[in-house]
Amino acid sequence: MFDFITRLPPFVVNVIGVIGFSLYVMNYCLLTFHRLTSHSKLYFVINLMAASMVLIGLTHSFNLAAALIQLFWIVISTTAIIVRLRQSKRADAEWA
């Protein structure tokens, strides 16, 4: 998987990183204008996608601090998605 990413042209990798940045900005705007809440799974899915894409963008011009921030967002977003999925399963079981 990583070999595939490293063989991509730098321009493509930069575009993936910029798309990730755009997802971060879009997600923040949706949150700011109350189109999305920080409790929704979608909020964390978008953050996960954005962090992953920015991390891919860092493969050609690496920056340790930026990579660590993206790894943090990936871990926390994945954890939040799992917690919310468990909560919704629990809520469904209570109604059954």
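These are my notebook entries on a predicted model of one protein chain.

**Entry 1: the fold.** I began with the secondary structure. I found four helices and zero strands in the chain. Reading along the sequence, I wrote down the pattern α-α-α-α. I then looked up how spread out the chain is. Its radius of gyration is 16 Å, while the globule rule gives 12 Å for 96 residues, so the chain is more spread out than a compact globule. I also noted the box filled by the C-alpha atoms. Along the principal axes, the box is roughly 50 × 30 × 20 Å.

**Entry 2: surface and contacts.** How much of the chain is buried? I read that buried residues make up 29% of the 96 residues. For the accessible surface, I have a total of about 6900 Å². Carbon and sulfur atoms account for 73% of that surface. Next I took the contacts between residues at least 6 apart in sequence. Of these, 62% join residues at least 24 apart.

**Entry 3: helix α2.** I turned to α2, which covers residues 10-32. I noted 23 residues in this helix. From first C-alpha to last, α2 reaches 33 Å, close to the 33 Å expected at 1.5 Å a residue. Which residues of α2 are buried? I listed Val-13, Ile-16, Gly-17, Gly-20, Leu-23, Tyr-24 and Asn-27. The spacing made me recall a general point. An α-helix has 3.6 residues a turn, so residues three or four places apart point the same way. I then asked what covers the buried residues of α2. The cover includes α1 (2-6), α3 (41-57) and α4 (64-95). Just after α2, I came to His-34, which takes a positive phi of about 60°.

**Entry 4: a nonpolar patch.** Phe-11, Val-12, Val-15 and Ile-19 make a nonpolar surface patch of about 340 Å². I picked out Val-12, which is found in α2. Is Val-12 buried or partly exposed? Val-12 is partly exposed, because its relative accessible area is 33%, and buried would require under 20%.

**Entry 5: Asn-47.** My last stop was Asn-47, in helix α3. I read a relative accessible area of 5% for Asn-47, so this residue is buried. What does Asn-47 touch? Leaving aside residues up to four places away in sequence, I found Tyr-24, Asn-27, Trp-73 and Ser-77. Tyr-24 and Asn-27 were already on my list of buried residues in α2.

Technical notes
Residues are numbered from 1 along each chain as its sequence is written. This is a predicted model: local features need pLDDT of at least 70, side-chain atom pairs count only at pLDDT 80 or more; totals for chains, interfaces and linings use all residues. Side-chain values use heavy atoms; hydrogens and water are left out. Helices (H or I, at least four residues) and strands (E, at least two) are DSSP runs, numbered from the N terminus. The radius of gyration is taken over C-alpha atoms; the globule rule is 2.2 Å times the number of residues to the power 0.38. Buried means under 20% relative accessible area, exposed over 50%, partly exposed in between (1.4 Å probe, protein chains only). Contact means heavy atoms within 4.5 Å. Accessible areas come from the Shrake-Rupley method with a 1.4 Å probe; for residues, only the protein chains shown count as cover. Patches are made of residues with over 30% relative accessible area and no salt bridge: like charges are joined within 9 Å, nonpolar side chains (Val, Leu, Ile, Met, Phe, Trp, Tyr) within 5 Å. A salt bridge is a side-chain nitrogen of Lys or Arg within 4 Å of a carboxyl oxygen of Asp or Glu. The expected span of a helix is 1.5 Å times one less than its number of residues.
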